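Visitor: I am new to this structure. Please show me how to read its features.

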Amino acid sequence: MTSRGAIIHSDPEILGGTPVFVGTRVPAQTLFDYLEGGETLDEFLHQFPSVKREQALAALELARDSLLTDARSA
């Protein structure tokens, strides 16, 4: 499992602290918005070429793991 800090970064100097993909100015929320809107991962990556496929997949993995961990502890 990849650590959150290696994928998503939050800095008050970058978009007011909005969590972004490391090395980019692309908000992590944008990935989820694209997927929720019916777009594919490939379309997201095409629109935001500064985000690497590995970063996007790792972000989805972290979200999944967080969701499943929260569900188990409920």
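Guide: Start with exposure. Buried means under 20% relative accessible area, exposed over 50%, and partly exposed in between (1.4 Å probe, protein chains only). One caution: this is a predicted model, where local features need pLDDT of at least 70, side-chain atom pairs count only at pLDDT 80 or more, and totals for chains, interfaces and linings use all residues. Residues are numbered from 1 along each chain as its sequence is written, and side-chain values use heavy atoms, with hydrogens and water left out.

Visitor: Is R25 buried or exposed?

Guide: R25 counts as exposed, because its relative accessibility is 54%. R25 sits in the loop between β2 (20–21) and α1. For the chain of 74 residues, 26% count as buried.

Visitor: Which residues does R25 contact, leaving aside its neighbours within four places in sequence?

Guide: Contact means heavy atoms within 4.5 Å. R25 is in contact with I14, L15 and V20. The C-alpha atoms of R25 and I14 are 7.0 Å apart, and the two residues are eleven residues apart along the chain.

Visitor: What pattern does the chain follow along the sequence?

Guide: Helices (H or I, at least four residues) and strands (E, at least two) are DSSP runs, numbered from the N terminus. Here the pattern is β-β-α-α-α. That comes to three helices and two strands. Along its principal axes, the C-alpha trace spans about 35 × 30 × 20 Å.

Visitor: Where in the chain is confidence lowest, and where is it highest?

Guide: The score is pLDDT, the predictor's confidence in each residue, from 0 to 100. Confidence is lowest in α3, at a mean of 89. It is highest in α2, at 98. Over the chain the mean pLDDT is 92, and 95% of residues reach 70 or more.

Visitor: How many aromatic pairs does a search of the whole structure find?

Guide: Rings of Phe, Tyr and Trp (its six-membered ring) pair if their centres lie within 6.5 Å. Planes under 30 degrees apart count as stacked, over 60 as edge-to-face, and the rest as tilted. The search finds four pairs. Take Y34 and F44: their ring centres are 5.7 Å apart and their planes at 75°, so this pair is edge-to-face. The pair links distant parts of the chain, with Y34 in helix α1 (residues 28–36) and F44 in helix α2 (residues 41–47), ten residues apart.

Visitor: What about the exposure of Y34 and F44?

Guide: Y34 is partly exposed, because its relative accessible area is 21%. F44 has 0% relative accessibility, so F44 counts as buried. Y34 also forms an edge-to-face pair with F48, at 5.6 Å centre to centre and 80° between the planes. F48 lies in the loop between α2 and α3 (53–73), 14 residues from Y34. F48 is partly exposed too, with a relative accessible area of 22%. One aromatic cluster takes in F21, Y34, F44 and F48.

Visitor: Which residues have the most contacts inside the largest nonpolar core?

Guide: A nonpolar core is a set of buried Ala, Val, Leu, Ile, Met, Phe, Trp, Tyr and Cys residues joined through side-chain atoms within 4.5 Å. The largest one has 14 residues, and those with the most contacts inside it are I7, F21, L31, F44 and V51. Each of α1, α2 and α3 supplies at least two residues of this core. The most come from α3, with four.

Visitor: What does F21 touch, not counting residues up to four places away in sequence?

Guide: Its contacts include I7, L31, F44 and V51. Q55, A56 and A59 are also among them.
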